[in-house]
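Here are my notes for anyone opening this structure for the first time. Have the chain up on screen and follow along point by point.

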Amino acid sequence: MTDSTVERAGAGDEPAPALRRAVRGYLDHLTVERGLSANTLTSYRRDLDRYLTTLADAGVADLASVDAGLVEAHLARLRAGDDDHPPLAVTSAARAASAVRGLHRFAMREGLAGADPSRDVRPPTPPRRLPRALPVDDVVRLLDLAGPATATGEDAPRALRDRALLEFLYGTGARISEAVGAAVDDLDTDEGTVLLRGKGGRVRLVPIGGYAVDAVRAYLVRARPLLAAAGRGTPAVFLNARGGALSRQGAWGILRQAADRAGLPVDGPAAVSPHTLRHSYATHLLDGGADVRVVQELLGHASVTTTQVYTLVTVERLREVYATAHPRARG
């Protein structure tokens, strides 16, 4: 890249207007055409802001002037860190690389650049981490202690809600965002099904386990009307004490309290989270003989490759059983 081929913006300047417009167009495309979640868009916007800073520091004013060396230098800088930013973890760096590569592909399609300089730049590969699933006995203890039956008075509606929420999460494998985003009209407790709205705007119909149906019915009849009386008529299934839709943070707090009562970890890398129940749901289905493609549909994964990581969990469990039970497992 030479001065003759790059329109100079001046090192340290604000990103050139053409770059800002390109990023806005790309984010609008992700919002409208791809339907990415607000959290993902926020992360992409932050990643691309840092990329534009790199381009401005290099004096680049448009995407047509970027070469592969500059893309590689930016990604290396993310991994190394600088005076203003700590080094990015592999997973965060991979996401940032995905944002940059997506921007350049978009620029090519829109005629903003004649080539994609990021095409041959490989993002770092995140380590493959096995999802953590709770043993069935731990899940049962957690659910039994969610919303204690001894709760009375003004605590009783919240106790019924808490039990219904955690039974719902484990009984459907829903993401926390799907659970708190579910509306009453999405539920069919007679048929034992619920419509879940997942990533990318995808909607799927999922069966609800019998224990979850009973807990949700009890909550809808005996608790939700009392909670709703304090609010303004939100259609959400799960409500907070003010009658509004329960937030993700509120749902997380409910699980944390139940986990603490059950003697399960609430801090550190082994802490129980809403996703732990989703992982447990998938693992227990596979342990029970469910087909991986059925589990894929239930979880709302776009690719079966994502679901197959759970098969590694069950294989690891089989190895443990074999190693301890077979007389000639040890050489």
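1. Let's begin with the second largest pocket, whose volume is about 320 Å³. Its lining is made of 16 residues, and those closest to the pocket's centre are Leu143, Glu167, Tyr170, Gly171 and Tyr211. Keep in mind throughout that this is a predicted model.

2. Which helices build that lining? At least two lining residues come from each of helix H5 (136-144), helix H6 (155-172), H8 and helix H11 (274-287). H5 gives the largest share, with 5 residues.

3. Next, take a look at isoleucine 208, which sits in the loop between strand E3 (203-207) and H8. Is isoleucine 208 buried or exposed? Its relative accessibility is 10%, and buried means under 20%, so isoleucine 208 counts as buried. Beyond its neighbours within four places in sequence, isoleucine 208 touches Gly171, Thr172, Leu187, Gly192, Thr193, Val194 and Val213.

4. Now for H10, a helix of 14 residues. From first C-alpha to last, H10 reaches 20 Å, close to the 20 Å expected at 1.5 Å a residue. Its buried residues are Ala251, Ile254, Leu255, Ala258 and Ala259. Around the axis they cover an arc of only 130 degrees, so they sit on the same side of H10. In general, an α-helix has 3.6 residues a turn, so residues three or four places apart point the same way.

5. What covers the buried residues of H10? The cover includes H5, H6, helix H7 (176-181) and H11. Turn to the other side of H10 and you'll find Gln249 and Asp260 exposed. Just after the helix comes glycine 263, with a positive phi of about 75 degrees.

6. H3 can be read in much the same manner. Helix H3 (residues 68-80) has 13 residues, which should span 18 Å at 1.5 Å a residue; the end C-alpha atoms are 18 Å apart, so expectation and model agree. Buried in H3 are Leu70, Val71, His74, Leu75 and Leu78. Looking down the axis, you'd see these buried residues within an arc of 135 degrees, so they line one face of H3.

7. What does that face of H3 meet? The buried residues of H3 pack against helix H2 (38-57) and helix H4 (90-109). After H3 comes glycine 81, and its phi is positive, near 80 degrees.

8. Over in helix H1 (residues 17-34) you'll find leucine 19. Leucine 19 has 0% relative accessibility, so it counts as buried. Which residues does leucine 19 contact, leaving aside its neighbours within four places in sequence? They are Leu52, Leu55, Val60, Ala61, Asp62 and Leu63. As for leucine 52, it is 33 residues from leucine 19 along the chain, yet their C-alpha atoms are separated by 7.1 Å.

9. On to the rings: the count is 3 aromatic pairs. One of them joins tyrosine 26 and phenylalanine 106, a tilted pair with 5.7 Å centre to centre and 45 degrees between the planes. This pair links distant parts of the chain, with tyrosine 26 in helix H1 and phenylalanine 106 in helix H4, 80 residues apart. Both tyrosine 26 and phenylalanine 106 are buried.

10. Another pair, tyrosine 219 with phenylalanine 238, is stacked: the centres are 5.7 Å apart and the planes lie at 20 degrees. Tyrosine 219 belongs to helix H8 (residues 210-222), while phenylalanine 238 lies in the loop between helix H9 (224-228) and helix H10 (248-261), so the pair ties together parts 19 residues apart in sequence.

11. To finish, ring pairs bring Phe168, Tyr219 and Phe238 together in a cluster.

Methods: Residues are numbered from 1 along each chain as its sequence is written. This is a predicted model: local features need pLDDT of at least 70, side-chain atom pairs count only at pLDDT 80 or more; totals for chains, interfaces and linings use all residues. Side-chain values use heavy atoms; hydrogens and water are left out. Helices (H or I, at least four residues) and strands (E, at least two) are DSSP runs, numbered from the N terminus. The expected span of a helix is 1.5 Å times one less than its number of residues. Buried means under 20% relative accessible area, exposed over 50%, partly exposed in between (1.4 Å probe, protein chains only). The arc is that of the directions from the helix axis to the C-beta atoms. Contact means heavy atoms within 4.5 Å. Rings of Phe, Tyr and Trp (its six-membered ring) pair if their centres lie within 6.5 Å; planes under 30 degrees apart count as stacked, over 60 as edge-to-face and the rest as tilted. On a 1 Å grid over the protein atoms alone, a cavity is a set of points where a 1.4 Å probe fits but cannot get out, and a pocket is an open set with protein on both sides within 12 Å along at least five of seven lines; lining residues have an atom within 4 Å of a point. Grid points are joined across faces, edges and corners, and a volume is the space filled by probe spheres set on the points.
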